[in-house]
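Please look through the sequence and the model first, and then work through the questions below one at a time, checking each answer against what is displayed.

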Amino acid sequence: MSTAHWLFGDQLGPHFTAPGDGGPARRAPLVMIEARSVLRRRRFHRAKAHLVLSAMRHRAAELGDRVRYIRADTYREGLRTAVGDARVTVHHPTSRAALALVTALDQVTVLPPRGFLLAPEDFRAWADRYHESGLRQENLYRRVRRAHGLLMDGDQPAGGRWNLDHDNREPPPRHASTLGLPAPYRPREDAIDEEVRADLDRWERDGEVSFVGRDGPRAFPATRREALAALHRFVDRRLATFGPREDAMLADDPVLSHSLLSSSLNLGLLDPGECVALAEDAWRAGKAPLGSVEGFVRQIAGWREYVWHLYWYAGADYRDRNALGHTAPLPDWFLDLDADAVTARCLATVLAQVRDTGWTHHIPRLMVLGSYALQRGWHPLAVTDWFHRSFVDGYDWVMLPNVIGMSQHADGGLMATKPYTSGGSYLQRMSDYCGPCAYRPGDRVGERACPFTAGYWAFLDRHRETFADNARMSRPLRGLDRLADLTELLHQREAGSDAAPP
């Protein structure tokens, strides 16, 4: 009998059971373990817990008699129940904790990772070469494009430019509350979802687990069929308009042209190769412009690959980096996703989106949620944990580089050459949040001072020595020195409490 193969809950697509190239045997029996301890360990978003359990149970139902699905307290207990001390294989897990677990078990053989475009050894070769000059995502993106022939005309990028990001920064249309696009794919719940919801209700009622956020109806794919439907609907109906306003924000249209495929990719329901190939086919068939297709390809073949590999390359101590020395705790209103307690319309709107769905797109994550945390000096690891727990697509490998590096600048500039934060003027330009807000984006002091504008200048003042030699920060630091009301601003900030909602 073939050695059994263990599938983690984010290895749910057919590419994780395919034989060959380091995969399991063709008819290998499969093991899946639903470990309750995972839900007890963190206070996850209820919609995330629902999605993951629904996806796992749907996959088990698809696999039928081939899989032994174990519900246990821990992974170790579940593995003993499933196979005893017999040998099993497993594809390289996606977190350091899971990798430490499987490598500590003598009966487990770890196979190469799947679900990414670039092999680990290829990334290491690139990173070792460029570590001193900086591991820039753009350089890795070009390497992946060349290796896979993505959007290439011979040995040159299609259209003559590697990156069309500069063309994809349009603000939302004036006086429009939505883009008026076809709706994204939304799945229909079934009996498995009903079972999951009943289990979560019971565990929460019994005090075993605790959640944040709201659950249901399920908004993201839990099966391969659903994920493919979501992918094709995006490419056919929404990809063409994706690029120009991928950084824009609208209070009544949080999805805009975004794909909503991140949770399906991170559950392993979709393979990144098929996503970018379908998008390129749409461009070559004249169904979507190059700018939109390149922007989508860059998110998957550029940023996603970069984050995954950097998570492993940066080392186990990356999570403890805190270059700016931020130590403030996250306030309860933020931890509880209490959007109703917040006056600032941008923050209230985005926090409500997270509360209700477990998702927002990348700009609200970076320039609203992350920027506010950075300005207030919240502990970067606590912020990382919050993102991990609160987003349906959040996993350790996703959030550590994105939050420690990109959002909170806690790695000292390994990922980004300057901190990603701004005053209210950026939010006013790129969203419709500011118009009805009680605060004014141009006000630094007074009762209507924008918390992002005041927070931005206070952040720069607090770290002016840290950024003194950073060429990209020279202009904002010069602006700081010209503020006539800086002393008043700092006094007002000191008199307030960052624990209170803005």
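Helices (H or I, at least four residues) and strands (E, at least two) are DSSP runs, numbered from the N terminus. The model is predicted.

Q: Does His175 count as buried or exposed?
A: A residue counts as exposed when its relative accessible area is over 50%. Because the relative accessibility of His175 is 83%, His175 counts as exposed.

Q: Is Leu256 buried or exposed?
A: Phi of Leu256 is near 50°, a positive value in a residue other than glycine, and Leu256 lies in the loop between helix 8 and helix 9 (262-266). The cut-off for a buried residue is under 20% relative accessible area. Since the relative accessible area of Leu256 is 2%, Leu256 is buried.

Q: Which residue in strand 4 does Ala4 stand opposite?
A: Ala4 and Trp6 point one way from strand 1 (residues 4-7), whereas His5 and Leu7 point the other way, and all are buried. Strand 1 pairs with strand 4 (residues 88-91) in the parallel sense over three bridges. Within this pairing, the residue that stands opposite Ala4 is Val88.

Q: What is the bridge partner of His5 in strand 2?
A: Strand 1 is also joined to strand 2 (residues 30-35) by three bridges, and these two strands run parallel. In strand 2, the bridge partner of His5 is Leu30.

Q: How many bridges pair strand 2 and strand 3?
A: Strand 2 is mostly covered, with six of its six residues buried; Leu30, Met32 and Glu34 point one way, and Val31, Ile33 and Ala35 the other way. On the strand 3 (residues 67-72) side, Arg71 stands opposite Glu34. Strand 2 and strand 3 pair in the parallel sense, and the number of bridges is six.

Q: Is helix 10 roughly parallel or antiparallel to helix 11?
A: Helix 10 (residues 272-284) and helix 11 (residues 290-313) pack with their axes 9 Å apart and at an angle of about 165°. Angles over 145 degrees count as roughly antiparallel. The angle therefore makes helix 10, relative to helix 11, roughly antiparallel.

Q: How many charged residues are in the contact of helix 10 with helix 11?
A: The crossing of these helices, helix 10 and helix 11, is left-handed. Pro272, Cys275, Val276, Ala279, Glu280 and Trp283 in helix 10 meet Leu290, Val293, Phe296, Val297, Ile300 and Arg304 in helix 11. The contact residues divide into 10 nonpolar and no polar, while the number of charged ones is two.

Q: Why is helix 13 described as roughly perpendicular to helix 14?
A: Helix 13 (residues 345-357) and helix 14 (residues 362-376) pack with their axes 10 Å apart, at an angle of about 110°. Because of that angle, helix 13 relative to helix 14 is roughly perpendicular.

Q: How many nonpolar residues are in the contact of helix 13 with helix 14?
A: Helix 13 passes helix 14 in a left-handed crossing. From helix 13, Cys346, Leu347, Val350, Leu351 and Val354 meet Pro364, Val368, Leu369 and Tyr372 in helix 14. No polar and no charged residues take part in this contact, and the number of nonpolar residues is nine.

Q: What covers the buried residues of helix 16?
A: Helix 16 (residues 396-407) has 11 of its 12 residues buried, so it is largely enclosed by the rest of the structure. Among the buried residues are Trp397, Leu400 and Ile404. What covers the buried residues of helix 16 includes helix 9, helix 11, helix 14 and helix 15 (380-390).

Q: Which residue just after helix 16 takes a positive phi?
A: Most residues other than glycine have a negative phi. Just after helix 16, a phi of about 50° belongs to His409.

How values were computed: Residues are numbered from 1 along each chain as its sequence is written. This is a predicted model: local features need pLDDT of at least 70, side-chain atom pairs count only at pLDDT 80 or more; totals for chains, interfaces and linings use all residues. Side-chain values use heavy atoms; hydrogens and water are left out. Axes are lines fitted to C-alpha atoms, for helices over the stretch in contact, and angles run from 0 to 180 degrees between N-to-C directions. Angles under 35 degrees count as roughly parallel, over 145 as roughly antiparallel, 65 to 115 as roughly perpendicular and the rest as oblique. A crossing is left-handed if the near helix is turned anticlockwise from the far one by less than a right angle, and right-handed if clockwise. Contact means heavy atoms within 4.5 Å. Ala, Val, Leu, Ile, Met, Phe, Trp, Tyr, Cys and Pro count as nonpolar, Asp, Glu, Lys and Arg as charged, and the others, Gly among them, as polar. Buried means under 20% relative accessible area, exposed over 50%, partly exposed in between (1.4 Å probe, protein chains only). Two strands pair if DSSP finds at least two bridges between them.
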